[in-house]
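Here's a quick briefing to read with the structure open beside you. Take a look at the fold first, then work through the points below.

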Amino acid sequence: MSNHWITGGIPIPDIIEAQDLKKKFGDLIAVDGISFTVKKGEVFGFLGPNGAGKTSTMKIIACVSPRTSGTVQVFGRDPDIYPAEIKQRLGIVPQETNLDPDFTCYGNLFTYARYFDIPPDIAHRKAEELLEFVQLTEKRDVPVEKLSGGMKRRLILARALVNNPDLLILDEPTIGLDPQARHLIWERLKLLQAQGNTIVLTTHYLDEAARLCDRLVIMDNGKILVEGSPAGLVKEYGGNEIVEVEKSEEVLSCLLQKNIPFEVIGESVQVATGSSRDVARILFDTCSPNKILTRPATLEDVFLKLTGRKLRE
Amino acid sequence: MIVHHIWSVPRISRRAWKVWHRNLVVFFRTWKVNFFPPLIEAFLYLFAIGMGIGTYVKEIDGIPYVNFIAPAILAISVMNSAFFECTYGSYVRMYYQKSFDAMIATPLSIEDVIAGELLWGATRSVLYVIIMLPVLALFGVISFPTSLLAIPLAFLGGLMFSGIAMCFTAITPGIDTLNYPSFLLITPMALFSGTFFPLTLLPILFQYFALALLPLTHLVAIMRMLTLPALTGVLVLHLAWIIIVTAIFCIVAINLMRKRLIV
């Protein structure tokens, strides 16, 4: 067990520690022996294509789906044995919107707070405070059915905070939202992190991951492919910069001749490089390219490189 | 690894009452819609069957016909309110509203959630009986104070039908297939459990069948003993039957639901 020690010698265990975690559904192996740790105060991301095992992993951590094998500790405790104690300290934003349609915005927060045994007066205060936090005070007494998609996601984020969680688990927090709503959620998450919250999230949006995560893993087929900081991963796997050229016979043969590694994606050719200027110059001088575009490498390049371009169901 | 068996007694915490309370709050917020049906139901049965058929059938075994069916009206209402709450009502909350998923993300366990739903189904039966009792009293077809015992009996009977209903909810592939138990089990039971005519009019084999397997038979029998009143020692046997069946179905319902929802 890797512990952080603070003066006085009290060990703070990692928030999550998973070793060789496996989850099977019949013959399907959803999570295939992954190990990871999440430290206090960090934003940790799970990235991967559909069916990579991200949500299954989230559900194990959230104590709602028992693991098949391996070990996992949340706050130093086993989810199979202490689900109620762990869940008391978790805030969950699920992928699917599951607000209670029989209640208003306020009613949703208040009722949810009661599930955590929060006394009515404190639940009331917390609900009002959180409506403010996600900018829904004006919608306080509106039934949740009447809210837009973005408002519902914000309310779910607020609901996940009613118990002042020590760990926030977000499964696709900004799925299907417009840019305004996404930015508001990002801003709120940054604020929560600044207040010392630990956050674990899954996302398909690589810009979101790059923006929010201190550390992340990229998963595919139930396994962790790589782990690191967004910038570190880009540097290691994406090269610094990308040169994109329109595909032509000349360009292809020319790159082969010059021994420059490249990748063909549809009608364009991509070259990952440490120096886009040099590559661009070679191309201009000898390959007579049509269009050239140079840009910094992103997490998306790393993601596609590692998980391939084949569509997932 | 904790092994969950279909017959193992589930661990339920006091948090189950939070789920019960949530349903109670929603029920009372829309109380006008919810209080009306039992009230109307009592009137309809009394007029259509009691006054209508009662004009020809003056009495059964020396009991005025309306007094004979009054306890059946209560028992059927107990059955219907609990059964429909824990089939269609629970299914909507589970499948369409995803309320159970939201609840088990809190310290509530799935066992707590289902137990809360069952307790709520039973409570709904109690509320319906409480609404119907004054109507029946107004018509002078039930006796007091023994008829007041219909209230605790409604809880037990309601819990039994909630448990049975929840078993169907746990195994139904979709909301439409819940029509099968309601048409093939609930409707026939409402007619053939000694409700509107005595069980003894039926072939002897069917009488055994009804006593052995139709839960409503026992509920009607006790209810009638309370409202006439005509208390006998057989009450204990009926009560024992209901308690055992209630325990079995509630336990199985919780385990089946766990199996369905926790994967």
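Predicted model: local features only at pLDDT ≥ 70, side-chain atom pairs only at ≥ 80, totals over all residues.

Chain B has 10 helices and two strands, and 46% of its 263 residues count as buried. The axes of two of those helices, α3(B) and α6(B), come within 8 Å, and chain B also touches chain A.

**Overall fold of chain B**

- Going along the sequence, the pattern in chain B reads α-α-β-β-α-α-α-α-α-α-α-α.
- The radius of gyration of chain B comes out at 19 Å, close to the 18 Å from the globule rule for 263 residues, so chain B is as compact as a globular protein of that length.
- Along the principal axes, the C-alpha atoms of chain B fill a box of roughly 60 × 40 × 35 Å.
- If you take the contacts in chain B between residues at least 6 apart in sequence, 82% of them join residues at least 24 apart.

**Where α3 meets α6**

- Helix α3 of chain B runs over residues 65-96 and helix α6 of chain B over residues 150-171; their axes cross at roughly 35°.
- The crossing of α3(B) and α6(B) is right-handed.
- On the α3(B) side, the residues making the contact include B:L74, B:V78, B:M79, B:F83 and B:Y91.
- On the α6(B) side, they include B:A154, B:G157, B:G158, B:F161 and B:M166.
- Sorted by class, the contact of α3(B) with α6(B) has 14 nonpolar and seven polar residues, with no charged residues.

**A closer look at α6**

- Is α6(B) buried or exposed? Of its 22 residues, 17 are buried, so α6(B) is largely enclosed by the rest of the structure.
- The length of α6(B) checks out too: 22 residues at 1.5 Å a residue should span 32 Å, and the end C-alpha atoms are 31 Å apart, which agrees.

**Contact between chains A and B**

- How many residues does each chain bring to the contact? Chain B puts in 18 residues and chain A puts in 21 residues.
- On the side of chain B that touches chain A, α1 (16-29) and α4 (99-104) of chain B each supply at least two residues.
- The element that gives the most to that side of chain B is α4(B), with five residues.
- By class, the side of chain B that touches chain A has 10 nonpolar, four polar and four charged residues.

Technical notes: Residues numbered from 1 in each chain as written. Chains lettered and ligands numbered in written order. Contact = placed C-beta atoms within 7 Å. Helix = DSSP H or I, 4+ residues; strand = E, 2+ residues; numbered from the N terminus. Nonpolar A, V, L, I, M, F, W, Y, C, P; charged D, E, K, R; others polar. Rg over C-alpha atoms; globule rule 2.2 N^0.38 Å. Buried ≥ 20, exposed ≤ 12 C-beta atoms within 10 Å, placed from the backbone. Axes fitted to C-alpha atoms, helices over the stretch in contact; angles between N-to-C directions. Left-handed = near helix turned anticlockwise from the far one by under 90°. Expected span 1.5 Å × (residues − 1).
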